[in-house]
Amino acid sequence: MEVGKAIVAIRAKLNMKATELANKIGISKTALSQIETGKARPNAATLKKIAEAFGTDVSFIYLAAIDPDKDISQEKRKLFNELFPDFHATMLSFIDKDQQ
């Protein structure tokens, strides 16, 4: 599960700069960079603030963070890919930059 990559993807979909997100949630740009690169994991309060800044909830970020190659067993991966061939693109399609 790559929470940092999901945050980057959602932030990009919203055309939000890292500095803007960091300011909205009250952390430094350096701290946000560490979260986005996977060097640090956000605590529950920070993740909630990130989700609120995105106009979504924490569960959406976790769904967007799924990496089928790492998070889904090999025997279930084929079915997952058949059911959700464009999983990440589909997840990001639910983000509406006008709702934030």
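**Packing of helices α1 and α4**

Helix α1 passes helix α4 in a left-handed crossing. The model is a predicted one. Two packed helices are described by the angle between their axes and the distance between the axes. For α1, which spans residues 3–13, and α4, which spans residues 44–54, the packing angle is about 20 degrees and the axes lie 11 Å apart. Because angles under 35 degrees count as roughly parallel, α1 is roughly parallel to α4.

On the α1 side, the contact is made by Val-3, Ile-7, Ile-10 and Arg-11. On the α4 side, Leu-47, Ile-50 and Phe-54 take part. Sorted by class, the contact of α1 with α4 comprises 6 nonpolar residues, no polar residues and 1 charged residue.

Val-8 also lies in helix α1. The relative accessibility of Val-8 is 31%, so this residue counts as partly exposed, the class that falls between the buried limit of 20% and the exposed limit of 50%. Val-8 and Val-58 are 50 residues apart along the chain, and their C-alpha atoms are separated by 14 Å.

Asn-15 is found in the loop between α1 and α2, the latter covering residues 18–25. The phi angle of Asn-15 is positive, at about 55 degrees, although the residue is not a glycine. With a relative accessible area of 55%, Asn-15 is exposed, since the exposed class begins over 50%.

Notes
Residues are numbered from 1 along each chain as its sequence is written. This is a predicted model: local features need pLDDT of at least 70, side-chain atom pairs count only at pLDDT 80 or more; totals for chains, interfaces and linings use all residues. Side-chain values use heavy atoms; hydrogens and water are left out. Axes are lines fitted to C-alpha atoms, for helices over the stretch in contact, and angles run from 0 to 180 degrees between N-to-C directions. Helices (H or I, at least four residues) and strands (E, at least two) are DSSP runs, numbered from the N terminus. Angles under 35 degrees count as roughly parallel, over 145 as roughly antiparallel, 65 to 115 as roughly perpendicular and the rest as oblique. A crossing is left-handed if the near helix is turned anticlockwise from the far one by less than a right angle, and right-handed if clockwise. Contact means heavy atoms within 4.5 Å. Ala, Val, Leu, Ile, Met, Phe, Trp, Tyr, Cys and Pro count as nonpolar, Asp, Glu, Lys and Arg as charged, and the others, Gly among them, as polar. Buried means under 20% relative accessible area, exposed over 50%, partly exposed in between (1.4 Å probe, protein chains only).
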